[in-house]
Amino acid sequence: MWWFQQGLCILPVALVLWTAATFIFAYITAVLLKHVDPLVPYISDTGTVAPERCVFGIMLDISAYLGIATMYVRYKQVQALTVEEESKLHKLNLVGLVLGWTSSFGMCIVANFQKTTLFSMHLVGAILTFGVGALYILVQTLVSLCMQPHVHGKSIFWVRLSIGVWTFASIISMFVSSVIMYSSLPGVDVAHKLHWIPGETGYIPHIISTISEWSLALSFVSFFLTYIRDFQKVTLRAEVDLQSNHLYDSPHYSITAQVNQSETSPLMAGGI
């Protein structure tokens, strides 16, 4: 059995690889079609113009769904490993799930509302994705702190803490540079500006802002890589509980044959 077939680690692996492929495909297509500059454009700019925006939207939606599934499995895993008496940890775990799903919903907004089409909604989606997503990373880091040393060692906590610091540093850098960029370009529709000339007003803050955004996206991807080892110890099964031995509505078809109530099968496991 290969390492990615163990437990449910295929979920975070698929999330990371698919999301990375989304960004890379959109970037290469946008650059080849000369829709953006090759030097570090905004991620959103690479998915603004057709045809890349169509595929970018679909692929990013799938990433959001993979994120929802990954965060739910993480929630169930922590819930199973935590005794009932640890109510604070259970509440923290639930808060993490809500934040994670909210961040994934924001990703869907980013995917379907391009910045040049409806900038306000795109901005809301970006805030939900990155802002709430950063809070999700913070909460999961706190969960890791509470779970060591009785569930896992300190190393995974320090790794997640380092990624959390990286995430918040990228957010601060992107916010500050974006404010400077917008303030230096009064009257300019920056949302529709896809091409930048080196040396023009606002160019340096723009580059710092775009680098910070790519750094932020990379920190998110790196965080989900920390789930791989944990998810190797989780399997998910579906149990069928039959309430009847037929699928008719009429009682005329009632049959007294014994119903198998205990059928179970792997839903997502290493044997996929």
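This report covers aromatic contacts, annotated segments and pockets in a predicted model.

Local features need pLDDT of at least 70, side-chain atom pairs count only at pLDDT 80 or more, and totals for chains, interfaces and linings use all residues. Residues are numbered from 1 along each chain as its sequence is written, and side-chain values use heavy atoms, without hydrogens and water.

**Aromatic contacts**

The structure holds 12 aromatic pairs. Rings of Phe, Tyr and Trp (its six-membered ring) pair if their centres lie within 6.5 Å; planes under 30 degrees apart are stacked, over 60 edge-to-face, the rest tilted. Tyr136 and Phe223 have ring centres 6.3 Å apart and planes at 80°, so they are edge-to-face. Tyr136 sits in helix H4 (residues 119-147) and Phe223 in helix H6 (residues 203-225), so this pair ties together parts 87 residues apart in sequence. Helices are DSSP runs (H or I, at least four residues), as are strands (E, at least two), numbered from the N terminus.

Tyr136 also pairs with Phe224: the centres are 6.4 Å apart and the planes at 20°, so this pair is stacked. It links distant parts of the chain, 88 residues apart. Tyr136 is buried at 2% relative accessibility, and Phe224 is buried at 10%. Buried means under 20% relative accessible area, exposed over 50%, partly exposed in between (1.4 Å probe, protein chains only). Tyr136, Phe223, Phe224, Tyr227 and Phe231 form one aromatic cluster.

**Annotated segments**

An unreviewed UniProt entry lists "transmembrane region" for residues 157-183 and 203-228, among others. Such annotations may be inferred rather than shown by experiment. Residues 157-183 are 100% helix, and residues 203-228 are 92% helix. In residues 157-183 the end C-alpha atoms are 39 Å apart.

**Pockets**

A pocket is an open set of points on a 1 Å grid over the protein atoms alone, where a 1.4 Å probe fits, with protein on both sides within 12 Å along at least five of seven lines; lining residues have an atom within 4 Å of a point. Volume is the space filled by probe spheres set on the points, which are joined across faces, edges and corners.

| Pocket | Volume | Lining by class |
|---|---|---|
| Largest | about 570 Å³ | 13 nonpolar, 4 polar, 2 charged residues |

Ala, Val, Leu, Ile, Met, Phe, Trp, Tyr, Cys and Pro count as nonpolar, Asp, Glu, Lys and Arg as charged, the others, Gly among them, as polar. Of the 19 residues lining the largest pocket, Leu123, Ala126, Ile127, Met174 and Ser178 are closest to its centre. H2 gives the most to the second largest pocket's lining, with 4 residues.
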